[in-house]
Amino acid sequence: MEERTRLEAFEAMLAGVRVEHEDVQHRMAQLKAQGKERSAAYRQLMGRRMQLAELLALYRTYGLVEG
């Protein structure tokens with residue numbers, strides 16, 4: 001794979017991870033506002049949020065993204 005293609009793929013993946021992370025946080029906040037913190041849906045979202053947060057942390061650790 002070409003260097004440029006790899007960079008474009010990474011940038012697309014990073015954008016997708018950031019969007020999904022924000023979406024998951026928003027959906028969790030909605031469930032919390034409804035008092036559904038113990039629901040299966042909330043717990044699944046929590047697990048997904050943790051996965052996405054870990055990916056973003058790895059990107060920061062390796063200097064691929066700032067902040």
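How large is the accessible surface of the chain, and what percentage of it belongs to carbon and sulfur atoms? After that, please look closely at helix 2: which of its residues are buried, and which exposed residues does the face turned away from them carry?

Modeller: This is a predicted model, in which local features need pLDDT of at least 70 and side-chain atom pairs count only at pLDDT 80 or more, while totals for chains, interfaces and linings use all residues. Residues are numbered from 1 along each chain as its sequence is written, and side-chain values use heavy atoms, with hydrogens and water left out.

The accessible surface of the chain comes to about 5300 Å², and 51% of it belongs to carbon and sulfur atoms; such areas come from the Shrake-Rupley method with a 1.4 Å probe. The chain has two helices and zero strands, where helices (H or I, at least four residues) and strands (E, at least two) are DSSP runs, numbered from the N terminus.

Turning to helix 2, its 22 residues at 1.5 Å a residue should span 32 Å, and its end C-alpha atoms are 31 Å apart, which agrees; the expected span is 1.5 Å times one less than the number of residues. Within helix 2, the buried residues are Y42, L45, L52, L56 and Y59, and they cover an arc of only 95 degrees around the axis, which puts them on the same side of helix 2. Buried means under 20% relative accessible area, exposed over 50%, and partly exposed in between (1.4 Å probe, protein chains only), and the arc is that of the directions from the helix axis to the C-beta atoms. On the face turned away from this buried side, helix 2 carries the exposed residues A40, Q44, M50 and T61.

What covers the buried residues of helix 2 includes helix 1.

The largest nonpolar core has 12 residues, among them V17, Y42, L45, L52, L56 and Y59. Helix 1 (3-33) and helix 2 (40-61) each supply at least two residues of this core, and its largest share, six residues, comes from helix 1. Such a core is a set of buried Ala, Val, Leu, Ile, Met, Phe, Trp, Tyr and Cys residues joined through side-chain atoms within 4.5 Å. Finally, helix 2 is followed by G63, whose phi is positive, near 70 degrees.

Notes:
Contact means heavy atoms within 4.5 Å.
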